[in-house]
Amino acid sequence: MKVVLQNLTRIFPSRNKKSGEEVIAVNDFTFEIPDGKLIGLLGPSGCGKSTTLYMICGLQKPTSGHIFFGDDDVTELSPENRGVGLVFQNYALYPHMTVKQNILFPLQNLKGDDKLTKEEMLERAYKVAKLVQIDDLMERKPSELSGGQQQRVAIARALVKMPRVLLLDEPLSNLDARLRLQTREEIRRIQRETGITTVFVTHDQEEAMSISDMIVVMKTGIVQQIGKPQDVYDDPVNLFVSKFLGTPPINVFDGRVENGKIYIGDDAVLSVSGVEDQPVTVGIRPEGFVLDENGPFHCELKSVEVMGRDVSVVSTNAASQNPVIRSIINADNKVDTAAGTVSYSIKPHKIFIFNKETEERIRFEVK
Ligand code: ADP
Ligand code: MG
């Protein structure tokens, strides 16, 4: 089922009538979510992710704009009539019911043509329980399950009605690191097997990048960029997006373009064409640094952190906006930690420049 968001806007009135300002939680969001895809809705806390999700599921009404499931305009439909499955961060299971009863619960109030016999309900419940691999836990109470298992029950409960659209709001946030990794892969598998169009909300860029077919990066209610995770990482439209994606994060410097060269301090780090002389903000991905004795970019070497396959070289530079610069270098390269300084050349496709005021990307050609 394709899901179309058309000029979706949600404004919350100010709580304080005199002085407070209204909050534009979601601002003119337009996007056609392709059928059967998993979309990662990504951005810092408060950027409007949950509000967007609640509008898709019908718990909140847009101030303006429309939502379509396929060709049906569902903007005015109640959540029960939209055919959505919703999973929250806190699993919200009924504590006094067994796993089986929790999963069966959404099926018990189906009316009219949708009404199921007891056998049909049980068959469905066991089918989804198998899918999320909890079919051997059906008689337990939620308190007898781990966090990861509880979240699987919540997912099973959302799937049992065979929703047209699956909506997940930070579903992994309450899990510990290992379970989070495992469960996100599970979610990806379940989504692939069922082919249900899914929107996955998270503030964790790594999580979104790793499982999404496409990501939507939001900031203060405004969509910044939509694309395949790798494409957005490789080709961010602005400084915010470049900083939000990637671990370690992109290294940011005060710089300038002068006579067809990008300067950081006195170092001309790359020759470019197509850009007028101007002050710019420079971003260099950690993997964009190449150790090079004769390289143009000079930094103060602080330490080398072993990461196994790679090493993380920590250095400083007066023009850096971050306390330290992190570059990721293949461990085969030996870094002389006693040297005090380190020189780099920069991979041209790993360096971005941004307008100092608007923070929009400035495109260049490499000379
Ligand atoms: P996210 O899920 O990305 O953290 P939300 O969608 O929950 O963000 O919130 C977006 C913005 O809308 C925030 O500024 C939040 O304070 C505001 N907001 C959310 N719900 C309400 C509400 N019921 N009343 C007033 N403001 C709200
Ligand atoms: Mg939220």
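How far is an oxygen atom of ligand 1 from an N or O atom in the side chain of Ser-50? The separation is 2.8 Å.

## Basis of the model

This is a predicted model, in which local features need pLDDT of at least 70 and side-chain atom pairs count only at pLDDT 80 or more, while totals for chains, interfaces and linings use all residues. Residues are numbered from 1 along each chain as its sequence is written, chains are lettered from A and ligands numbered from 1 in the order in which they are written, and side-chain values use heavy atoms, with hydrogens and water left out.

## Surroundings of ligand 1

Gly-46 places a backbone N or O atom 2.6 Å from an oxygen atom of the ligand. These are polar contacts (pairs of N or O atoms within 3.5 Å; within protein, one must be able to donate a hydrogen and the other to accept it, and residues adjacent in sequence count only if both atoms are side-chain atoms). On its own, ligand 1 has 560 Å² of accessible area, of which the protein covers 66% (Shrake-Rupley method with a 1.4 Å probe; for residues, only the protein chains shown count as cover).

The shell around the ligand consists of Phe-12, Arg-15, Val-23, Ala-25, Pro-44, Ser-45, Gly-46, Cys-47, Gly-48, Lys-49, Ser-50 and Thr-51; a residue is near a molecule if one of its heavy atoms lies within 4 Å of it. By class, five of these residues are nonpolar, five polar and two charged (Ala, Val, Leu, Ile, Met, Phe, Trp, Tyr, Cys and Pro count as nonpolar, Asp, Glu, Lys and Arg as charged, and the others, Gly among them, as polar). Strand 2 (23-33) and helix 1 (49-57) each supply at least two shell residues, and helix 1 gives the largest share, with three. Helices (H or I, at least four residues) and strands (E, at least two) are DSSP runs, numbered from the N terminus.

Helix 1 is mostly covered, with eight of its nine residues buried. Buried means under 20% relative accessible area, exposed over 50%, and partly exposed in between (1.4 Å probe, protein chains only). The buried residues include Lys-49 and Thr-51, both of which also belong to the shell around ligand 1. Just after the helix, Gly-58 adopts a positive phi of about 100°.

Gln-6 stands opposite His-66 of strand 4.

A second open sheet has seven strands in the order 21-20-14-11-12-13-22, with antiparallel pairing. Its edges are strand 21 (361-362) and strand 22 (365-366), each with a single partner strand, so one side of each is left without a neighbour in the sheet.

Strand 14 (residues 278-284) has five of its seven residues buried, so this strand is largely enclosed by the rest of the structure. Seven bridges join strand 14 to the antiparallel strand 11 (residues 251-258), where Val-257 has Gln-278 as its bridge partner. Strand 14 also pairs in the antiparallel sense with strand 20 (residues 351-355), over five bridges, and Val-282 stands opposite Ile-353. Strand 20 is joined in turn to strand 21 by two bridges, with Phe-354 partnered by Arg-361.

## Individual residues

Phe-297, in strand 16 (residues 297-306), is buried with a relative accessible area of 0%. Beyond neighbours within four places in sequence, its contacts (heavy atoms within 4.5 Å) include Phe-253, Ile-264 and Tyr-344. Asp-310, in strand 17 (residues 310-316), is also buried, at 16%.

Thr-247 and Pro-248 are joined by a cis peptide bond, with omega about -10°, and Pro-248 lies in the loop between helix 8 (239-244) and strand 11. Thr-220, with a positive phi near 40°, is exposed at 56% relative accessible area. Glu-359, in the loop between strand 20 and strand 21, has a positive phi near 65° and counts as partly exposed at 33%.

Key:
Two strands pair if DSSP finds at least two bridges between them.
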